[in-house]
Structures are given as C-alpha cells and as structure tokens.
Amino acid sequence: MTDSIIKEEIISSSNKISSYNIIVLKTVNSTNSYSKELAKNNATHETVVIADKQTEGRGRLDREFFSPEGTGIYISILLKPDKISLSPSLLTVAAGVAVCRTINSISKNTPTIKWVNDIFIGGKKVCGILAESTTDTKSNTINNIIVGIGLNVTTPSNVFPGKLGEIAGSLFPENTTRNEIIVKIIEEFKNIYDFYDKESLVEEYKSYSCVLDKKISFTKCGETFVGIATDINIEGNLIVELDSGKTITLKSGEVSLGSANFAR
Ligand code: BTN
C-alpha cells in the first residue's frame with residue numbers, strides 16, 4: 001500500500017475541515033518556520049502546512065525533531081487568536097488531546113502525555129508538539145499562533161539517530177494511512193478549539209497524564225528540584241509539591257519522571 005500524503009485525499013475525506021487552507025509539501029526545512037513565513041505574508045486563520053519530510057524539524061528547548069521522509073506526520077496549524085474561543089495558552093493542551101484521541105481511535109495502544117506535550121506509547125515518545133507565536137510589533141499583541149505537531153508513524157527504531165533510538169518510537173497503526181491520521185488530528189483539534197470548554201479540556205488532558213501523582217524532577221535556573229506532580233490547573237500549568245514542602249506552579253519547561261533525568 002502506498003502511503004503518500006495527498007492534499008486531494010485529505011480535503012475530500014472530511015467536510016469538517018473544509019475551512020482549512022491545506023498546503024502539502026514534499027520537503028521543507030520546518031513546517032513551523034514555513035508557516036511563520038506565510039504569516040508574514042498575511043496567511044489566513046486555519047492555514048495548515050503538512051510535509052512529508054523536514055530537514056530542520058525543531059522541538060522545544062532548541063532540540064532537533066528528527067523528521068525523515070515517508071514515515072512521519074509533520075503538521076503546523078496557523079491560527080489567529082481573535083478567531084478562536086479557547087485561550088491561546090491552552091492550544092498546546094488541545095493539540096495533545098487531539099493526538100491522543102486520534103491514537104485511541106486507530107490503535108490498540110494507549111497514549112500517555114508527559115507534561116507539557118510529549119506523547120508516549122509503551123515508554124517511547126511517538127509525538128512532540130511545539131506551539132509558537134508571532135507578535136504584531138505595533139500593538140505588541142500576538143497575531144498568529146502556530147501549533148506544530150510531529151508524529152512518528154512508521155519510522156523503524158533503528159533509523160532514529162544515536163541516543164534517540166532509546167527514547168523515540170512510532171505508532172505503527174494497522175490499516176490506517178497517514179492521510180487518514182492527518183484528517184483525524186485536524187478534525188479533533190478543530191472540534192476542541194471551536195467548541196470545547198476549558199474545564200472539560202483540562203480534565204481530558206489530565207486523564208492522559210503520566211506524571212500526575214508521580215515523583216518528578218525538573219531543572220530551574222541551574223538547580224534540580226524533586227517533588228510529586230499533584231495537579232494540572234485550568235491554565236494547563238503543572239502543580240508540584242516539592243520534597244522541601246513548598247508547592248510550585250510550572251508554566252513551561254520540562255519534567256523528568258523519577259528523581260533522575262531518565263524520561264528523555
Ligand atoms: C518536541 O518534541 O519538543 C516538539 C516537536 C515538534 C515537532 C513538530 S513537527 C511539525 C512542526 N515543525 C517543526 O519544526 N516542529 C514541529
């Protein structure tokens with residue numbers, strides 16, 4: 001079965017996503033970077049860039065996101081903050097939930113989310129999400145949000161370079177094409193940012209979390225902290241009760257499960 005990403009197939013298989021302006025590219029440096037360029041040239045709300053391969057795929061904390069040809073899904077969805085009901089800070093949470101719903105609908109494997117937005121199956125990271133924004137310099141307000149989603153679909157474990165092979169995995173869905181997965185993700189995502197309320201979204205996000213009630217560690221200003229992740233609040237922030245007895249609210253960053261840095 002060929003599994004090419006085909007724009008016509010994506011568009012014709014769902015009328016729920018007819019408002020999207022879908023752009024499919026064979027190769028791009030990064031779909032997020034490409035979307036930022038489109039944003040400079042007045043790209044409209046719900047412009048979606050999808051690539052078969054990225055040469056400079058980016059992750060959070062300036063990491064590379066390995067994006068080989070033909071075996072992954074690399075999508076960026078550009079949104080205008082004034083056209084959505086959900087607060088921009090929860091869009092990354094919404095994307096995580098959309099991907100988990102998609103995985104549940106096409107695979108027997110159970111996805112979990114490591115806060116903020118790494119999605120794991122069976123201890124391996126299969127998906128990462130990178131939300132970025134652009135600011136209008138005159139009004140100093142956010143005028144574009146770009147939600148980038150990278151999902152390893154059929155990338156064999158021996159293809160991931162170096163140490164990434166120990167951390168990353170793939171979805172390996174049965175009888176589902178990348179086009180079908182793309183449609184499902186963007187349908188679910190749109191459903192959430194158009195109709196879902198904050199409380200239900202965060203509750204659903206929490207149901208996928210693999211860090212809640214677990215011992216975690218994180219680094220802040222060069223210092224390592226250890227504690228129990230007790231909750232995720234309505235803004236998607238992680239609440240941690242530190243071993244020192246203090247409670248801390250994490251708005252961004254990265255946590256590791258356990259007291260050592262072994263989750264990545
Ligand atoms: C992470 O794991 O830290 C986030 C990875 C996000 C990767 C996606 S792939 C599509 C979009 N384009 C990029 O360059 N990055 C995001």
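Here are legends for a handful of close-up views of this predicted model.

Local features are described at pLDDT of at least 70 and side-chain atom pairs at pLDDT 80 or more, while totals for chains, interfaces and linings use all residues. Residues are numbered from 1 along each chain as its sequence is written, and side-chain values use heavy atoms, with hydrogens and water left out.

**View 1**
Across the boundary, 15 residues of domain 1 are in contact with 14 residues of domain 2, where contact means heavy atoms within 4.5 Å.

**View 1. The largest nonpolar core.**
This core holds 64 residues, and Phe189 and Leu238 have the most contacts inside it. Helix α3 (residues 91-106) supplies the largest share, 10 residues. Domain 1 and domain 2 both give residues to the core, so it lies between them. A nonpolar core here is a set of buried Ala, Val, Leu, Ile, Met, Phe, Trp, Tyr and Cys residues joined through side-chain atoms within 4.5 Å. Buried means under 20% relative accessible area, exposed means over 50%, and partly exposed is in between (1.4 Å probe, protein chains only). Helices (H or I, at least four residues) and strands (E, at least two) are DSSP runs, numbered from the N terminus.

**View 2. Zooming in on Leu238.**
Leaving aside residues up to four places away in sequence, Leu238 touches a list of residues including Trp115, Val211, Ile216, Ile248 and Val255. Asp231 and Thr249 are also among the residues that Leu238 touches.

**View 3. Arg58 meets Glu132.**
The structure holds 19 salt bridges, each a side-chain nitrogen of Lys or Arg within 4 Å of a carboxyl oxygen of Asp or Glu. In this one, the side chains of Arg58 and Glu132 come together at 2.7 Å, N to O. Arg58 is in the loop between β2 (47-54) and β3 (72-79) and Glu132 is in strand β6 (residues 124-136), so the pair ties together parts 74 residues apart in sequence. Arg58 is partly exposed at 31% relative accessibility, whereas Glu132 is buried at 15%.

**View 4. Arg63 meets Glu254.**
Here the side chains of Arg63 and Glu254 form a salt bridge at 3.0 Å, N to O. Arg63 is in the loop between β2 and β3, and Glu254 is in the loop between β11 (247-250) and β12 (255-257), so this pair links parts 191 residues apart in sequence. Arg63 is partly exposed, with a relative accessible area of 30%, while Glu254 is buried at 17%.

Lys206 and Glu203 pair up through their side chains at 3.5 Å, N to O. They are three residues apart in helix α6 (residues 198-208), which means about one helical turn separates them. Lys206 is partly exposed at 21%, and Glu203 is partly exposed at 47%.

**View 5. A salt-bridge network.**
Asp3, Lys26, Asp52 and Arg178 are linked by salt bridges into a network.

**View 6. Lys114, buried without a salt bridge.**
Lys114 belongs to strand β4 (residues 111-114). Lys114 is buried but has no salt bridge, and the nearest side chain of opposite charge, Asp118, is 4.0 Å away. (Lys and Arg count as positive and Asp and Glu as negative; His and the chain ends are not counted.) The side chain of Lys114 does reach the backbone oxygen of Val255, at 2.7 Å.

Methods:
Domains from an automatic or database assignment. Polar contact = N/O pair within 3.5 Å; in protein donor to acceptor, adjacent residues only side chain to side chain.
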